[in-house]
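Here are my notes on the model, as promised. Have it open while you read, and go through the points in order.

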Amino acid sequence: MSANLTAPPSAAALRVAAAEATLRPRDLAASLGVSEAQLLAAQSDGGDVTPIAAHPDALVAELSSLGEMMALTRNESIVSEVHGTYDGYASGGHACLVLGAGIDLRLFPKHWCHAFAVEAETAQGVRRSFQVFDAAGDAVHKAYLPLDADPAGWQALRDRLALTEPSDTLEVAPRAPAEGAIVAPEKAAALRKGWDDLGDTHQFLALTRKLRINRLGAYRIAGAPYARALAPEALSEALHRVAGTGVSTMIFVGNPGCIQIHSGPIGPIRPMGPWLNVLDPGFDMHLRGDHVAEVWAVSKPTRRGPALSLEAFDADGRLIAQIFGHRAAERDETGPWAELLDALPDRAVEGA
């Protein structure tokens, strides 16, 4: 049997496929058996795709100079698109921050492995973006320039960040498998004790690492009042209720390399097939409702009072999204958000 049967398409074949495609790049790449980053790399000899430096210190630190942009972060089940500015960049070894007007990001540089400046022809005009990918070639974050913006600043930044020895082929690592829930019932008492002692939500993952479990495993063994299992449809119901009441929330959407946060009320939920869509001025969200397998209402103590979240996972145990009541110096939605969570349906007990 020929080994070439499993060989990936050549760069030349990928360029032809991209030129003739009607599919979105992510879907086209999947249909060809390559990553989205490999599909872009194959097009880098034509001038429309330029490989660039990927580290946030090189790229994101400079984006504020371009004014308003659209920030896109996604995972397999949800896409968040936020309009704003990349102001307030802060570098860090483990994590970097963007605290701009509308764009609120947590960036994890070790996953920022490949990046491209992309110019794509659309029916509305040339769409310019910077796109970042992880070691497997999957999208981490994308930053889009408005169609009507002056491209000079974008072009200048592209040229400054361009790699000196680009290649139209790209070696990628295997995708990391889903971890799934790590459950250790014998650690439930220690978990609850450590949970009670939390002073900040950011300490929670350190607690799970100490106990050698993970987020979903902790929820499964902690029990109420720490974590309450809800029906899978509770996420959709919560979104509809939030949209109907005007309660302001913080919606966290992320992947290993980037977490994007949208704060504020949301408008009507617009279903389309399996997708639940928010199409608001300055914020779009697209959620695959059929991917939601587990939903949890979670309470973590903080110095300002309990942080209450709604958290959704897929069938493999991957975190899809987290939603918190919006709590800031000028606004605290903890009360209305708590009432909304209390009204959501519990998960049915098997055999009941």
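1. Start with Arg-212, which sits in the loop between H6 and H7. Its phi is near 60°, a positive value in a residue other than glycine. Helices here (H or I, at least four residues) and strands (E, at least two) are DSSP runs, numbered from the N terminus. Bear in mind that this is a predicted model, where local features need pLDDT of at least 70, side-chain atom pairs count only at pLDDT 80 or more, and totals for chains, interfaces and linings use all residues. Residues are numbered from 1 along each chain as its sequence is written, and side-chain values use heavy atoms, with hydrogens and water left out.

2. Now the helices on either side of that loop. Helix H6 (residues 204–211) packs against H7 at an angle of about 85°, and their axes are 10 Å apart. Axes are lines fitted to C-alpha atoms, for helices over the stretch in contact, and angles run from 0 to 180 degrees between N-to-C directions. H6 and H7 are therefore roughly perpendicular to each other (65 to 115 degrees; under 35 would be roughly parallel, over 145 roughly antiparallel, and the rest oblique). Phe-204, Leu-205 and Thr-208 of H6 make the contact with Arg-215, Ala-218 and Tyr-219 of H7, where contact means heavy atoms within 4.5 Å. These residues divide into four nonpolar, one polar and one charged.

3. On the H5 side you'll find Ala-188, Leu-191, Arg-192 and Trp-195, facing Ala-218, Tyr-219, Ile-221 and Ala-222 in H7. The contact of H5 with H7 has seven nonpolar residues, no polar ones and one charged.

4. How many aromatic pairs does the structure hold? There are nine, with rings of Phe, Tyr and Trp (its six-membered ring) pairing if their centres lie within 6.5 Å; planes under 30 degrees apart count as stacked, over 60 as edge-to-face and the rest as tilted. Take Trp-195 and Tyr-219: the ring centres are 6.2 Å apart and the planes at 45°, so the pair is tilted. This pair links distant parts of the chain, with Trp-195 in helix H5 and Tyr-219 in helix H7, 24 residues apart.

5. Pro-225 lies in the loop between H7 and strand S9 (227–230).

6. Lastly, the second largest pocket. Its volume is about 200 Å³, and of its 13 lining residues, Pro-8, Pro-9, Gln-38, Thr-169 and Leu-170 lie nearest its centre. On a 1 Å grid over the protein atoms alone, a pocket is an open set of points with protein on both sides within 12 Å along at least five of seven lines, a cavity is a set where a 1.4 Å probe fits but cannot get out, and lining residues have an atom within 4 Å of a point. Grid points are joined across faces, edges and corners, and a volume is the space filled by probe spheres set on the points. Helix H1 (11–20) and helix H3 (36–42) are the elements giving two or more residues to this lining.

Terms used
Nonpolar A, V, L, I, M, F, W, Y, C, P; charged D, E, K, R; others polar.
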